[in-house]
Amino acid sequence: YRETMTEADEVYEFLRAKDLEGARKHFQVAEDANIAADTLYDLAMRLAKSTYSVDRNKPKAREFARKAIKYNPQSAEAYYLIGEMYASSGADCGPGTGWDSQRVVWVAIDKWNQAIKADPNSESAKKARQKINEYSKYMPTVEQIFRKNYKEGQSYKVPCWIQENTTIRGYNPY
C-alpha cells in the first residue's frame, strides 16, 4: 500500500497523526509532483488551519493560506482565515490596546473584503461581513489618526509580522 500512496496521501497521513512538520515537508513534495490544484488547495487550507490553531504560527499559517489562494483564487475561506489571523494580532503587534494594536484591524478588514469579493455567496463571505461589522469599531479613531499625524485615505504599512500595505480608515464613535 505504501508504494501506491501519492504525496497528497502522505500529507493527509501526517495531518491525521498531528505531525505538522512532516505534513509541511510532504506538501512541498506534493507541489512538485503535479498533483491536481483542487487537492493542493485542500491540503494548503488544512495546513493553514492546523498551523494557526495548533502551532499558533501565524506567519507560517498565512504562507499556506496564500498557497491555497494560489490554487483557488476564488477561495473566500483562505482570505477569511488570513483576516482572522490579522484581527487576532493586536497583542502580537502592540500592547493589546491603542494605536499599535488597533492598526491590525485595517488589514483584517481588507482580507475579509477580499473574501467577500472572491466568493460573495459563500459561508466565509457571510462570516467576513459579520466580522467587518464587529471589528470596524476597533479601528483607530479619527482623533488617534490625527494625533499620529496621519490622514484617512493615506497608505500605511502595518508592521510586525504582517508587513502589508493598507489604507488608513478611522472609527468615528460620534
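Predicted model: local features only at pLDDT ≥ 70, side-chain atom pairs only at ≥ 80, totals over all residues.
**View A. Helices H4 and H5 pack against each other, with axes that come within 9 Å.** Here you can follow H4 (residues 58-71) and H5 (residues 76-87), whose axes cross at roughly 160 degrees. Angles over 145 degrees count as roughly antiparallel, and H4 and H5 are therefore roughly antiparallel to each other. Their crossing is left-handed. On the H4 side, the contact is made by Lys58, Ala61, Arg62, Ala65, Arg66, Ala68 and Ile69. Facing them from H5 are Ala78, Tyr79, Ile82, Met85 and Tyr86. By residue class, this contact of H4 with H5 has nine nonpolar and three charged members, and no polar ones.

**View B. Trp99 takes part in aromatic pairs with Trp106 and Tyr156.** The structure holds 10 aromatic pairs. In the pair of Trp99 and Trp106, the rings sit 5.5 Å apart centre to centre, with 80 degrees between the planes, an edge-to-face arrangement. Trp99 is buried at 8% relative accessible area, and Trp106 is buried too, at 0%. Now turn to Trp99 and Tyr156: their ring centres are 5.9 Å apart and their planes stand at 90 degrees, so this pair is edge-to-face. Because Trp99 belongs to helix H7 (residues 99-102) and Tyr156 to strand E1 (residues 155-158), the pair ties together parts 57 residues apart in sequence. Tyr156, like Trp99, is buried.

**View C. Four aromatic residues form one cluster.** Look for Tyr80, Trp112, Tyr135 and Tyr138, the members of this aromatic cluster.

Definitions and conventions:
Residues numbered from 1 in each chain as written. Heavy atoms only, no water. Axes fitted to C-alpha atoms, helices over the stretch in contact; angles between N-to-C directions. Helix = DSSP H or I, 4+ residues; strand = E, 2+ residues; numbered from the N terminus. Parallel < 35°, antiparallel > 145°, perpendicular 65-115°, else oblique. Left-handed = near helix turned anticlockwise from the far one by under 90°. Contact = heavy atoms within 4.5 Å. Nonpolar A, V, L, I, M, F, W, Y, C, P; charged D, E, K, R; others polar. Phe/Tyr/Trp six-rings, centres within 6.5 Å; stacked < 30°, edge-to-face > 60°. Buried < 20%, exposed > 50% of the residue type's maximum accessible area, 1.4 Å probe, protein only.
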